[in-house]
Amino acid sequence: EYRGKLLEAVAEYDESLIEKYFENPESITEGEIIAALRQATIGMAIVPMVCGSSFKNKGVQTMLDYVMELLPSPIDKDDIIATSVDTGADVTIKPDESEPFTALAFKIATDPFVGRLCFIRAYSGVLESGSYVYNSRSENKERISRVFQMHANKQNQIERLSAGDIGAVVGFKDIKTGDTLCDEKRRVILESMVFPEPVIGYAIEPKKQADVDKLGMAIAKLVEEDPTLRVNTDQETGQTILRGMGELHLEIIIDRLKREFKVEINQGAPQVAYKEALTSSVEHKEVYKKQTGGRGKFADIVFEIGPRDDGKEGLEFVNDIVGGAVPREFIPAVQKGFDQAMVNGPLAGYPLDSMKVRLFHGSYHDVDSDSLSFELAARIGFKEAARKCSPQLLEPIMGVEVVTPDEFTGSVTGDLNRRRGIMKGMDTRGTAQVIKADVPLSELFGYVTDLRTITSGRAAASLTFAHYSQVPRNLAEKVIEEVKGVGAGK
């Protein structure tokens with residue numbers, strides 16, 4: 001029955017198949033079916049599906065065979081368009097060995113025997129082992145000492161990597177995930193990968209004091225492998241904070257620390273990565289004076305501070321100083337002061353993503369003024385002025401998709417509503433319901449376990465970061481109080 005359905009589905013790509021099917025089904029060869037399937041797959045009319053289990057290593061070989069048989073080779077697809085580093089113009093990258101070399105680094109891994117491995121996909125040209133490539137991000141040349149063809153966790157050393165190949169290289173100094181590696185004669189940038197900001201953090205520490213250095217080295221390797229993983233030290237508490245894309249992401253990282261790096265750690269409760277934003281503008285005058293006997297410190301700045309008009313991230317700094325009221329050499333110090341101040345917002349010390357500052361007046365002292373005075377004036381001025389800019393607390397919102405049997409739909413939606421979820425829609429997938437909602441991350445800790453309880457283990461959920469949104473005032477006050485309480489307790 002299903003063979004008949006398969007032949008009907010691919011018949012429009014090879015009409016002789018359907019004639020054979022009705023006249024003499026036995027005469028249809030496997031080669032003819034594969035050829036028709038390949039045409040239908042490349043035409044995106046069908047999606048081939050194979051069964052298997054990677055855990056039990058069942059069906060993996062079949063799946064790889066069908067990748068080779070059915071999916072398009074680079075020659076079957078359109079040429080890749082890259083951007084020239086020198087001119088910014090579009091450059092066509094053809095999948096041809098005679099073209100200059102171009103490849104994308106898509107994964108960094110650590111191997112106990114060969115060290116750091118960089119997985120690359122070659123789009124054009126040839127890479128010989130021992131040759132040099134140009135890294136478009138760092139603008140440096142990298143020597144590739146050896147090239148490997150990967151077989152699961154085994155490496156076969158090869159002499160060259162050609163257009164269309166996927167391989168791994170070693171010997172490099174500074175290559176990150178998403179970098180373009182190319183021939184210096186044709187310096188281009190391939191479409192880069194965008195990595196979202198982490199939304200959740202754990203405070204971690206090694207169980208044994210002797211493992212402090214080991215933990216530092218292990219985390220450095222993991223961060224290099226995974227661009228969505230970040231580590232920083234909390235200035236207030238001195239704790240090491242591991243940040244990632246969700247509870248599962250960080251649980252896997254902590255499990256890898258134990259299994260691969262043999263480091264046992266203690267972890268704190270999950271922390272939400274809140275942010276802050278200014279919503280109105282104010283003008284402020286800040287005078288920084290210090291007299292310590294001998295040369296003093298003096299800086300005077302008048303500025304307007306508030307949200308950016310263009311909606312972009314980062315600091316927008318506008319220098320409207322006229323007549324040298326603040327000397328030109330001190331302006332970068334003022335900008336640096338505001339830039340660094342954005343790390344700690346006025347409400348609870350969470351970072352600001354964007355801010356606009358317009359510096360328009362000030363004064364200086366011939367002897368006492370220096371760059372550090374103006375940098376400190378900017379930092380102190382930010383603390384005073386940002387409080388008057390109606391700051392708001394922002395929280396990460398996750399896109400939640402739950403696939404559940406029909407009878408549990410009411411229970412699942414009710415639970416999501418209790419978690420401050422905003423429903424985005426419902427679909428039917430087979431006999432199951434697909435519920436989509438935007439839910440604050442702070443309400444989702446332990447959600448997958450709760451969902452299994454509600455649905456007798458029959459529903460599944462996937463969570464992805466959606467956006468940042470304002471925290472309701474009553475909850476924002478609670479978060480701010482908690483942060484201040486931790487600071488006071490310290």
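In which crossing, right-handed or left-handed, does α9 pass α10? The crossing is right-handed, where right-handed means that the near helix is turned clockwise from the far one by less than a right angle, and left-handed means anticlockwise. Before we go on, note that this is a predicted model, in which local features need pLDDT of at least 70, side-chain atom pairs count only at pLDDT 80 or more, and totals for chains, interfaces and linings use all residues. Residues are numbered from 1 along each chain as its sequence is written, and side-chain values use heavy atoms, with hydrogens and water left out.

Let us stay with that helix pair. The axes of helix α9 (residues 409-418) and α10 come within 10 Å and cross at roughly 145°. Here the axes are lines fitted to C-alpha atoms, for helices over the stretch in contact, and angles run from 0 to 180 degrees between N-to-C directions. Helices (H or I, at least four residues) and strands (E, at least two) are DSSP runs, numbered from the N terminus. On the α9 side, Ser411, Val412, Asp415 and Leu416 make the contact, and they meet Tyr447, Leu451 and Ile454 of α10; contact means heavy atoms within 4.5 Å. By class, these residues divide into 5 nonpolar, 1 polar and 1 charged. In this scheme Ala, Val, Leu, Ile, Met, Phe, Trp, Tyr, Cys and Pro count as nonpolar, Asp, Glu, Lys and Arg as charged, and the others, Gly among them, as polar.

Helix α7 (residues 331-341) packs against α8 at an angle of about 40°, with the axes 7 Å apart. That angle makes α7 oblique to α8, because angles under 35 degrees count as roughly parallel, over 145 as roughly antiparallel, 65 to 115 as roughly perpendicular and the rest as oblique. The crossing of α7 and α8 is right-handed. From α7, the contact draws on Ala333, Val334, Lys336, Gly337, Phe338, Gln340 and Ala341, while α8 brings Ser371, Phe374, Glu375, Ala378, Arg379 and Phe382. This contact has 7 nonpolar, 3 polar and 3 charged residues.

Zoom in on glutamate 375, which sits in helix α8 (residues 371-386). Leaving out residues up to four places away in sequence, glutamate 375 touches Ala333, Lys336, Gly337 and Gln340. Glutamate 375 has a relative accessible area of 12%, so it is buried; buried means under 20% relative accessible area, exposed over 50%, and partly exposed in between (1.4 Å probe, protein chains only).

Now for the charges. Side chains of opposite charge can pair when their charged atoms come close. The structure holds 38 salt bridges, each being a side-chain nitrogen of Lys or Arg within 4 Å of a carboxyl oxygen of Asp or Glu. One of them joins lysine 275 and aspartate 353, at 2.9 Å from N to O. Lysine 275 lies in strand β19 (residues 275-277) and aspartate 353 in the loop between α7 and β23 (354-363), so this pair ties together parts that are 78 residues apart in sequence. Lysine 275 is buried at 10% relative accessible area, whereas aspartate 353 is partly exposed at 28%. Elsewhere, salt bridges that share partners join Arg137, Asp174, Lys176 and Asp179 into one network.

Aspartate 86 pairs with arginine 187, the closest N and O atoms being 2.4 Å apart. Aspartate 86 is in the loop between β1 and β2, and arginine 187 is in the loop between β12 (180-182) and β13 (188-189), 101 residues apart. Lysine 94 forms a salt bridge with aspartate 79, with 3.4 Å between the closest N and O atoms. Lysine 94 lies in the loop between β2 (90-93) and β3 (102-111), and aspartate 79 in the loop between α4 (60-70) and β1 (80-84).

The loop between α4 and β1 also holds proline 72. Apart from neighbours within four places in sequence, proline 72 is in contact with Arg38, Ile42 and Lys77.

We finish with backbone angles. Glutamate 139, in the loop between β6 (132-135) and β7 (140-143), has a phi near 60°, a positive value in a residue other than glycine. Serine 456 also has a positive phi, near 55°, and lies in the loop between α10 (447-454) and β27 (460-470).
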